Amino acid sequence: MKLRKQVTVCGGAIFCVAVFSLYLMLDRVQHDPARRQNGGNFPRSQISVLQNRIEQLEQLLEENHQIISHIKDSVMELTDTGAVSPSGHLPFRSANGSWVLPFDGRPTFLAVKPQDCQSALGSHGQADVQMLDVYSILKFDNPDGGVWKQGFEITYEADEWDNEPLQVFVVPHSHNDPGWIKTFDKYFTDQTQHILNNIVVKLPEDPRRKFIWSEISFFAKWWETADTYKQEAMRKLILGGQLEIVTGGWVMTDEANVHYFAMIDQLIEGHQWLERNIGVTPRSGWAVDPFGHSATMSYLLKKANLTSMLIQRVHYSIKKHFASTRSLEFMWRQAWDTGSKTDIFCHMMPFYSYDVPHTCGPDPKICCQFDFKRLPGGRINCPWKVPPKPVVEANVAERANLLLDQYRKKSKLYRSKVLLVPLGDDFRYDKALEWDQQFNNYQKLFDYMNSHPELHVQAQFGTLTDYFSAVYKAKGVAQGSRPPDFPVLSGDFFAYADREDHYWTGYFTSRPFYKSLDRILESHLRGAEILYSLAVASARHVGMEGRYPISDYALLVDARQTVGLFQHHDAITGTAKENVVVDYGTRLLRSLTGLKRVIINAAHFLVMKNKDFYRFYQTEPFLETDDRRATQDSLPQRTLIELDPAGPRYLVLFNPIEQERLCVVTVLVNTVRVRVLTEDGQTLPVQLSAQWSSASQMSAEVFEATFMVRLPALGLAVFHLYDSADSPLTLRSDTLLRLSARGTSARALDPLPVRSQQAEPQTFFISSQTLTLGFSGTTGLLESIKRKDDPQEIKVQIQFMVYGTRPSKDKSGAYLFLPDGKAKPYNQKEPPVVRVVEGPLFSEVVAYYQHFQQTIRIHNVPGVDGLSIEITTAVDIRDQTNKELAMRLVTDIQSGDVFYTDLNGFQMQPRRHLMKLPLQANFYPMPSQAYIQDSNNRLTLHTAQALGVTSLESGQLEVIMDRRLMQDDNRGLGQGLKDNKKTTNRFRLLLERRSIGNMMMDSATTSFPSILSHMTNSFLNHEVLPLPVLPKRRGVPPLETFAPLKSILPCDFHLVNLRSIHSQKDPHSPSAYTALILHRLALDCGLEAQNLGFNCTTSQGQLSVSGLFRTLDLQLLQPMSLTLMHPSTPLTNDSSISLDPMEISAFKLKLR
């Protein structure tokens, strides 16, 4: 009866919504100025205006139809369980064993406009060079190329430069790693400060001397300790063009494991520092040491208004191929770009390394003789056994001709008669003597060359931009434009091999503990930036900035710089010495602790119902943090909420994502008598479970309380927790331990029941409203997935595999992956203990093995949270030697040799498994996701930490979870990987049905996630933070939900950051301005639409910023370049901004 009444009410509601929507539409068509603008393309005669109106009405009707059908689906979900609770109470278990929950009463709709979809076929801009094609055509053989071992013999005709002389730019540089063999501070003290001090002294000695510098982390540290005289001298050298800042990021970032949030943030941090202290904007990118290169980097540099860039570590076979086709300089274009908007001019260095022996030309034996730091008597010499000679009158002609021969040969690999010759190496130019040796000897060579017109050469010291400018000038094009006949390339440069089959694919996983901690810190940084910006703007709005702890800004700055530092290509990569890793870890933890403080301080202010009651005490926080870490290398301990019969405890939940979120949240409580209420007094269903300290041991003092919540976008919601006698909505998990014959027995502690039984080999299942998972009776690992609405069960089998390393001299290490053949199945003598937990809100299966324990959990809630499978794998391989543990998914998806991995969490890159390459060459970085698909299904593995991934057979995805290696791999580190930690790797597995098209239609060069997939990744990477309010002697003042957004953000917009901009006077305090950084997601709509649990609409890239924030006034809206250095004309405050799919844009706002 009750049910029929509900259906009638809902039916009536739908009818009302339909009628009201139609009325609104007519109203919108008449009054919407934006729509009238669109109509402006038509001749202004009455008929065509009318026709236009009719078309708009049709489109609106279509949208309305979609909305109504989604509401209908939501109502059906309410009713189609077809079960009636025996007691009339929800939740209850229906006849088929699934739980029925109280519906949270708000139907949601999905209205993605077809124009906002990326067709897999898409008309994408044509590149001349597609990296996937290059991989197809190359043999990847390694014949001896003579003096240029990995290349070929280069010849030239003597008269080639008669009409257009060769212009040579020798670019002195020093590569400074912010941590590798030594810590950041130790490098600074021992070497880097001396290099920077020398720049100030030695460059002014001769105005023809030039130098380039890249890492702002070191530069800023030097600046802080330098006196004003030194600062002024340095500023003068930069502004005068003798010293160029290249890239200008906080570090020279790794490009494989980093997430685009952090890539952007470290670039902003460096650029903002430069703007504030020097007043200079970088123009050229310089990346000589990252181990492979990502297309995301070229996009971000372009968006930051750089015009040119340089890369170095690229597979030697690709370098050789590009050299032979003179394609080492190209316009790098994004694969998804339909025009040429994303093109940036890129120079690839042709030889093995960026050191002097490999930069003057093809013969290292000769080039080494022109590295004057290696003059006899010094600490380093030439391995080729011919030392440099000082340049004197008697030998200058012979020396200059020998060097010029190398220059000419190198020049033959490029399309212009302008040549770039870097001159430097790691931590060079730290002694005044080296400055004199290099600059004086080279100046003599240049003077000789330039005074002999018959040589047809003009040689000089230059900066990187001097070189690029000369190329543009020689080709007669504007800065950053495509010179005629230069190729356009799209794709990326992974995986990297520097010689033989030495693929640098191990570092995609090395030290996964810190790769994971980095992402947790990034998520906290983003959350803290957003809440801080909103709290400070709100405090200003009500005239209370004097009472708010604005000084928390210093903690934000510290965290930005820590995150920036860790993106360095020896930090997040896991390729630094053990004591350096500890130093990084200590910094990460310090910053994480600081960010948690920023978050609780902002949340305290924002949830205060009456701001007059707001009091901030530094020593007496209002809220507790969600968890704590004892040391930099320990896993977090969640905060226990101690309930008290005397009164409620309050809990504030922070949702850091830009959409409303329907999800389950778990907190630790000290009693099973728990009742959870919303702010307006509604009791929520709670699932109570045990806290397990081992496979069969549960705690008697601590329990897990799980409940379903709906949280506002970027908001804070308040809940009340009571210690009260059993509420009918608090239900206990049903727990079963599956034990082997000899197995331990379960130690059940009242009041939580536990059953145990002997494990049997047949498959067992857990299910939710949307999914049923099958598990192997013997291994306790996942075997199959079945969706509620799909008759077909899909095989998705999880297996654990182990790789060893080679018996020969070359073995795997921190960088290299050199396996001893295919992986072998992980084996252990004892069968695992398997725990099965079932309940109304979640069900899970936990399998305990010696070196890992895997938890597979599904949530029984509507929307995003209930549509994917949560996989948590705790890995501990500290007792292994030379082993790598892999998790393999084996499915019956017919994916062939194609799989997809993401680049930096920003874009998807199709990959092909190539049989002609060794096994280790087929691994790629997976910072956020990888998927396989066929014409019916797509299976995506989302990850919360960067790891290495591959697909070695059709239907497979395989991820390396951790690696323990006992030896160095000869790349300079001098250590193996022996400092493994107990690490938790977190994933979400999403199976989607493809609704249209088949394999033949898939684009070879682009692919995009669905809206559900994007949201799943957001849920995984930006977890809800539960912040308990500390009990107060005087009682807690009234709190209320904080929902900052007035209108919903289109669901294809991702808010990358809302970052308070520093004040010009004091870098440790904020100005009145905030940077809004948005990314418009590209969507593949060829996957079956699901109910996401929130209202999802798209707007063809339009967004009204003034209508976005509730209670705050927008006083400035100014488009900026990505790193905020290049302003555009401010827009009127009521303007809509517009983004193309995939576009990232930055805006300067003034909110108060």
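## Two strands side by side

Let's start with a pair of strands in this predicted model. Strand S22 (residues 686-692) and strand S23 (residues 698-711) run antiparallel, joined by six bridges. To find the pairing by eye, look for Leu-688, which stands opposite Ala-705 in S23.

## The sheet around them

Now step back to the sheet. Its five strands follow the order S17-S19-S23-S22-S25, and this open sheet has mixed pairing. Which strands stand at the edges? They are S17 (640-641) and S25 (730-732). Each has a single partner strand, so one side of each is left without a neighbour in the sheet.

Next, find helix H16 (residues 553-566) and helix H17 (residues 578-607). They pack at an angle of about 145°, with their axes 9 Å apart, and their crossing is left-handed.

Residues from both helices meet here: among them are Leu-555, Ala-559 and Phe-566 in H16, and Tyr-584, Leu-588 and Val-598 in H17. The residues of this contact divide into nine nonpolar, three polar and four charged.

## The nonpolar cores

In soluble globular proteins, nonpolar side chains tend to be buried together. In this model, the largest nonpolar core has 262 residues, and those touching the most other members are Phe-219, Phe-322, Tyr-407 and Phe-493. What does Phe-322 touch, leaving out residues up to four places away in sequence? Its contacts include Val-129, Met-131, Phe-330, Met-348, Leu-489 and Phe-493.

There is also a second, separate core of 50 residues, which includes Val-672, Leu-684, Val-709 and Phe-1019.

Key
Residues are numbered from 1 along each chain as its sequence is written. This is a predicted model: local features need pLDDT of at least 70, side-chain atom pairs count only at pLDDT 80 or more; totals for chains, interfaces and linings use all residues. Side-chain values use heavy atoms; hydrogens and water are left out. Axes are lines fitted to C-alpha atoms, for helices over the stretch in contact, and angles run from 0 to 180 degrees between N-to-C directions. Helices (H or I, at least four residues) and strands (E, at least two) are DSSP runs, numbered from the N terminus. A crossing is left-handed if the near helix is turned anticlockwise from the far one by less than a right angle, and right-handed if clockwise. Contact means heavy atoms within 4.5 Å. Ala, Val, Leu, Ile, Met, Phe, Trp, Tyr, Cys and Pro count as nonpolar, Asp, Glu, Lys and Arg as charged, and the others, Gly among them, as polar. Two strands pair if DSSP finds at least two bridges between them. A nonpolar core is a set of buried Ala, Val, Leu, Ile, Met, Phe, Trp, Tyr and Cys residues joined through side-chain atoms within 4.5 Å. Buried means under 20% relative accessible area, exposed over 50%, partly exposed in between (1.4 Å probe, protein chains only).
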